[in-house]
Amino acid sequence: MAFTRATGKHRRPTRMHRTTTRAAGIAALATTGVVGSLAAPALAADTSSAEQTGLTPVISIGDTIADKIDAQADAQKQAAEEAALKKAAAEAAREKAAAKAKAEREAKERAAREAERKRLNTFVAPIANSYVSTGYQASSSLWSSGSHTGIDFHAASGTTVHAVGSGTVVETGWGGAYGNQIVIRMHDGTYTQYGHLSSIGVSVGQTVTPGQQIGLSGATGNTTGPHLHFEARTTPEYGSDIDPVAYLRAHGVNV
Ligand SMILES: [Zn+2]
């Protein structure tokens with residue numbers, strides 16, 4: 001008979017199929033007379049006719065639930081897909097933000113390194129806002145050589161003396177006619193010397209950066225008054241002096 005069509009074992013029955021099966025079941029019950037009062041067997045066997053009988057509500061309820069289950073499954077599937085998409089989008093956004101932060105951090109670090117490199121290669125005057133009161137190679141009976149081996153910067157006693165550039169302190173202490181002095185080996189291999197200091201603020205082996213305070217000006221040694229005696233040299237020793245004004249100007253210092 002048409003209504004005894006078998007259901008697929010591993011396949012969810014389609015709505016129409018389920019309807020037919022359900023109708024067939026009821027029809028079978030009706031045939032045995034158990035629910036004979038519900039509908040006549042002839043009507044039950046014909047599913048299209050069943051639409052017109054008391055079976056209709058039963059079948060309709062079954063369909064509504066199936067529809068609801070289908071819709072619910074669809075909604076759940078869609079919600080899961082949407083959640084997965086949302087999660088992936090959030091992860092992508094997080095990764096993008098992290099990459100951006102990393103790039104910004106690296107750019108900042110690069111800029112900081114560049115600024116530091118620039119700063120370390122900068123030269124400054126040993127006394128701020130001062131001027132050269134006695135020039136290079138000026139003659140005076142004050143100096144044993146008879147000629148000035150450096151330049152004098154006007155400075156009251158106790159004025160901050162700066163390292164003119166990056167370097168390493170190679171000598172500190174009493175320098176005879178120079179009084180208290182500091183000699184620094186600069187990064188470029190030249191030397192700078194600072195004399196007549198009232199105070200020495202660095203020690204041998206210490207590295208210094210441009211503008212760093214290394215001591216205070218004074219009038220120690222052979223001098224008529226307080227000032228800073230500054231020399232540029234090719235070696236740490238007396239007698240290897242070079243023109244300090246040209247030296248400072250060559251390093252970008254306005255003197
Ligand atoms: Zn001098």
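A: A salt bridge is counted when a side-chain nitrogen of Lys or Arg lies within 4 Å of a carboxyl oxygen of Asp or Glu. This is a predicted model, in which local features need pLDDT of at least 70 and side-chain atom pairs count only at pLDDT 80 or more, while totals for chains, interfaces and linings use all residues. Residues are numbered from 1 along each chain as its sequence is written, and side-chain values use heavy atoms, with hydrogens and water left out.

Searching the whole structure gives four salt bridges. One of them joins K102 to E106, whose closest N and O atoms are 3.8 Å apart. Both residues belong to helix α4, where they are four residues apart, about one turn of the helix (helices are DSSP runs of H or I with at least four residues, strands are runs of E with at least two, and numbering starts at the N terminus). K102 is partly exposed, at 44% relative accessibility, and E106 is also partly exposed, at 36% (buried means under 20% relative accessible area, exposed over 50%, and partly exposed in between, with a 1.4 Å probe and protein chains only).

Another salt bridge brings together the side chains of E116 and R119, at 3.1 Å from N to O. These two also lie in helix α4, and because they are three residues apart, about one helical turn separates them. E116 has a relative accessible area of 35% and is partly exposed, as is R119 at 36%.

Next comes the metal site. The zinc ion is coordinated by H148 through NE2, D152 through OD and H229 through ND1, at 1.9 to 2.2 Å (donors are N, O and S atoms within 2.8 Å of the metal, or 3.2 Å for Na, K and Ca, and sites may look incomplete since water is not among the atoms). The spacing of these donor residues along the sequence is H-x3-D-x76-H. D152 sits in strand β2 (residues 151–154) and H229 in strand β10 (residues 227–233), so that this pair links parts of the chain 77 residues apart. Both D152 and H229 are buried.

F123 and Y247 form an edge-to-face pair, 6.0 Å from centre to centre with 80° between the planes. Because F123 lies in the loop between α4 (55–121) and β1 (132–134) while Y247 lies in helix α5 (residues 244–250), the pair ties together parts that are 124 residues apart in sequence. F123 is buried at 11% relative accessible area, and Y247 is buried at 6%. Elsewhere, F153, Y194 and F230 form one aromatic cluster.

Finally, three strands make an open antiparallel sheet in the order β3-β9-β7 (two strands pair if DSSP finds at least two bridges between them). Its edge strands, β3 and β7, each pair on one side only. Three bridges join β3 (residues 160–162) to β9 (residues 213–216), with T160 partnering L216 and V161 standing opposite G215. Strand β7 (residues 199–200) is joined to β9 by two bridges, and S199 stands opposite L216.

Key
Phe/Tyr/Trp six-rings, centres within 6.5 Å; stacked < 30°, edge-to-face > 60°.
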